[in-house]
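Thanks for coming, everyone. Please look at the structure on the screen, and I'll walk you through it.

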Amino acid sequence: MRITADRTRCQGHGMCEALLPHIFQVDTSGKVRILTDPIPTPDQPDAQLAIDTCPVEALRVE
């Protein structure tokens, strides 16, 4: 699974980072960064939850 982040949409809510801090990080500019690519299989259910709960729909499965 690969995830892309639309940094122009991201508002830095950090919900993704709260779920998977070793996968997502809100950087000093207040935008999400993907730290691991591709997403490891054990983390995929939580990664999908992060995608589904992003309030601005900034995350997508590639």
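**Salt bridges, backbone and core**

Let's start with R7, which is partly exposed at 35% relative accessibility. Partly exposed sits between two cut-offs: buried is under 20% relative accessible area and exposed is over 50%, with a 1.4 Å probe and protein chains only.

A word on the source. This is a predicted model, where local features need pLDDT of at least 70 and side-chain atom pairs count only at pLDDT 80 or more, while totals for chains, interfaces and linings use all residues. Residues are numbered from 1 along each chain as its sequence is written, and side-chain values use heavy atoms, with hydrogens and water left out.

Back to R7. What does R7 form a salt bridge with? The partner is D27, and the closest N and O atoms are 3.1 Å apart. By salt bridge I mean a side-chain nitrogen of Lys or Arg within 4 Å of a carboxyl oxygen of Asp or Glu. R7 lies in the loop between β1 and α1 (15-19), and D27 in the loop between β2 (24-26) and β3, so the pair ties together parts that are 20 residues apart in sequence. Helices (H or I, at least four residues) and strands (E, at least two) are DSSP runs, numbered from the N terminus. D27 is buried, at 18% relative accessible area.

How many salt bridges does the structure hold? Two. The other pair is D37 with R2, where the closest N and O atoms are 2.7 Å apart. D37 is in the loop between β3 (32-34) and α2 (44-53), and R2 is in the segment before β1 (3-5), so this pair links parts 35 residues apart in sequence. Both ends are partly exposed: D37 at 48%, R2 at 40%.

Stay with D37. The peptide bond from D37 to P38 is cis, with omega near 0°. P38 lies in the loop between β3 and α2.

Next, E57. Its phi is near 55°, a positive value in a residue other than glycine. Most residues other than glycine have a negative phi, and most peptide bonds are trans. E57 sits in the loop between α2 and β4 (59-61). E57 is partly exposed, at 46%.

Last, the core. A nonpolar core is a set of buried Ala, Val, Leu, Ile, Met, Phe, Trp, Tyr and Cys residues joined through side-chain atoms within 4.5 Å. The largest one has 15 residues, and I3, C16, F24, V32 and L59 touch the most other members. Its largest share, three residues, comes from α2. Contact means heavy atoms within 4.5 Å. Leaving out residues up to four places away in sequence, I3 touches residues including F24, I34, I51 and L59.
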